[in-house]
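I opened my notebook to go through one chain, entry by entry. Here is what I looked up.

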Amino acid sequence: MQKIRLGTSDLTVSKICLGTMTFGEQNTEGEAHSQLDYALERGINFVDAAEMYPVMPRAETQGLTERYIGTWLKKSGNRDKVVLATKVAGPSRGFGWIRNGRTDFDADNLRAAVDSSLQRLQTDYIDLYQLHWPSRNAPIFGQLSFNPEKERPHVEIDATLEALDALVKAGKIRHIGVSNETPWGVSEFIKLAETKGFPRIASIQNAYNLVNRSYESGLDETCYRENVGLLAYSPLAFGQLTAKYLDDPKAHGRLTIFPPNWSPRYLRPSVMNATRRYAELARSNGMTPAKLALAWCYSRWFVASTIIGATTLDQLQENIDALSIQLPDNVVDAINAIHLEITNPAQ
């Protein structure tokens, strides 16, 4: 398992990161522990969570993902073998059960969020602490363009960085990152860190997959020049790119067990059309659709680590095994040809 240095930090992380948002909803505590054990055996040292997990977000289950990781860390004694990442929820998503709805990035909120995550994770420090989505109005989660009419009060980036700086100095977090960010946001975080002496973001966690390559429209250059590592999430587009929903529209998975309004971008007809094309390409070249989609992410020069998620150990094994696949030039050319015809349908 190849490992890389993440951005300008001193964190050395595996090229595959274990995503855990199924822990507590689609996976039991025992299953979660088995996944963590297997990932570590395969050389994965990077685990990503969030205070709002598991998904589907509910008051009854919030925090279970971090709790399951915490019980595994305590039982296994593997804290020093793992780069542990988690995320703090931002505002305006309707999660009133998290800190009574005060999910923003001011000093009091961030301190409370970190302390709660540390308690659930049963650790003294978090290696990478990420802002799950911007405090400000920004085009994210399937919003195709910036809409100034959606402007709202928000915590300014410099105030957030000052609060995170205090948490770094207190030893509660080691490095910081952003998620679901834009080129402007990344640039502003870097500028303010450099001019005011605040911690520098090491990473950006954004969606990247065959049906959403919007990262390549500006963020790729921004993050390359500023040395910010991409943690690519949803490489299988909520399971759509496995083609299981094409093969069986009632297949068990997030797109059938969760309400359609949770992930509408992955249910667009254009996504289905693109998925069909990529699945045909994979199968005609002796690969499963999932392995083609993952091999694509693993092979991109700008992806520091790809966050994979699974509900079974068989799925986890297939996802990790895809790392060994080298896509032939003709397959890459075919992928790009499909992309030109059906461009970013899940953006």
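**Entry 1: E41**

I started with E41 and asked: is E41 buried or exposed? E41 has 64% relative accessibility, so it counts as exposed. The cut-off I needed is that exposed means over 50%. I keep in mind that this is a predicted model. I then placed E41 in helix α1, which covers residues 29–41. Next I checked E41 against G101. The two are 60 residues apart in sequence. In space, their C-alpha atoms are 39 Å apart.

**Entry 2: the whole chain**

I find 12 helices and 10 strands. The radius of gyration is 19 Å, close to the 20 Å from the globule rule for 347 residues, so the chain is as compact as a globular protein of that length. I looked up the spans of the C-alpha trace along its principal axes, and they are about 55 × 45 × 35 Å. Of the 347 residues, 58% are buried. I also looked at contacts between residues at least 6 apart in sequence. Of these, 76% join residues at least 24 apart.

**Entry 3: strand β6**

I moved to strand β6, residues 126–131. Six of its six residues are buried, and I note the strand as mostly covered. Which strands pair with β6? One is β5, residues 83–88, which runs parallel to β6 and is joined to it by four bridges. I picked out one partner: A85 is bridged to L128 in β6. Helix α3, residues 107–121, belongs with β5 and β6 to a right-handed β-α-β unit.

The other is β7, residues 173–179. β6 and β7 are also parallel, with five bridges between them. Here Q130 stands opposite G177 in β7. The chain gets from β6 to β7 through helix α4, residues 157–169, and this crossover is right-handed too.

**Entry 4: strand β9**

I then turned to strand β9, residues 229–233. Why do I call β9 largely enclosed by the rest of the structure? Five of its five residues are buried, so the rest of the structure largely encloses it. I checked the faces one by one. G229, L231 and Y233 are buried on one side. L230 and A232 are buried on the other.

I looked for the neighbours of β9. Strand β8, residues 201–207, pairs with β9 in the parallel sense over five bridges. Within this pairing, I204 has L230 as its bridge partner. Helix α6, residues 219–226, carries the chain from β8 to β9 in a right-handed β-α-β crossover. Strand β10, residues 303–308, is also parallel to β9, with three bridges. A232 has T306 in β10 as its bridge partner.

**Entry 5: aromatic pairs**

I went on to the rings. A pair of aromatic rings is described by the distance of the centres and the angle of the planes. How many aromatic pairs are there? I count eight.

One of them is Y215 with F302, a tilted pair. The centres are 5.4 Å apart and the planes make 35 degrees. Y215 lies in the loop between β8 and α6, and F302 in the loop between α10 and β10. That is 87 residues apart, and I note that the pair links distant parts of the chain. Y215 has 2% relative accessibility, so I put it down as buried. F302 is buried as well, at 11%.

A stacked pair is F238 with Y266, at 5.2 Å centre to centre and 15 degrees between the planes. F238 sits in the loop between β9 and α7, and Y266 in the loop between α8 and α9, 28 residues apart. F238 is buried at 12% relative accessible area. Y266 is buried at 2%.

I also found a cluster. Y208, Y215, Y224, W301 and F302 form one aromatic cluster.

**Entry 6: charges over rings**

Last, I looked for charges over rings. The charged end of R254 sits over the ring of F238, 5.3 Å from its centre. R300 has its charged end over the ring of W296, 3.8 Å from the ring centre.

Note on methods
Residues numbered from 1 in each chain as written. Predicted model: local features only at pLDDT ≥ 70, side-chain atom pairs only at ≥ 80, totals over all residues. Heavy atoms only, no water. Buried < 20%, exposed > 50% of the residue type's maximum accessible area, 1.4 Å probe, protein only. Helix = DSSP H or I, 4+ residues; strand = E, 2+ residues; numbered from the N terminus. Pairing = 2+ DSSP bridges. Right-handed = clockwise from strand over helix to strand, strands pointing away. Phe/Tyr/Trp six-rings, centres within 6.5 Å; stacked < 30°, edge-to-face > 60°. Lys NZ or Arg CZ within 6 Å of the ring centre and 35° of its normal. Rg over C-alpha atoms; globule rule 2.2 N^0.38 Å. Contact = heavy atoms within 4.5 Å.
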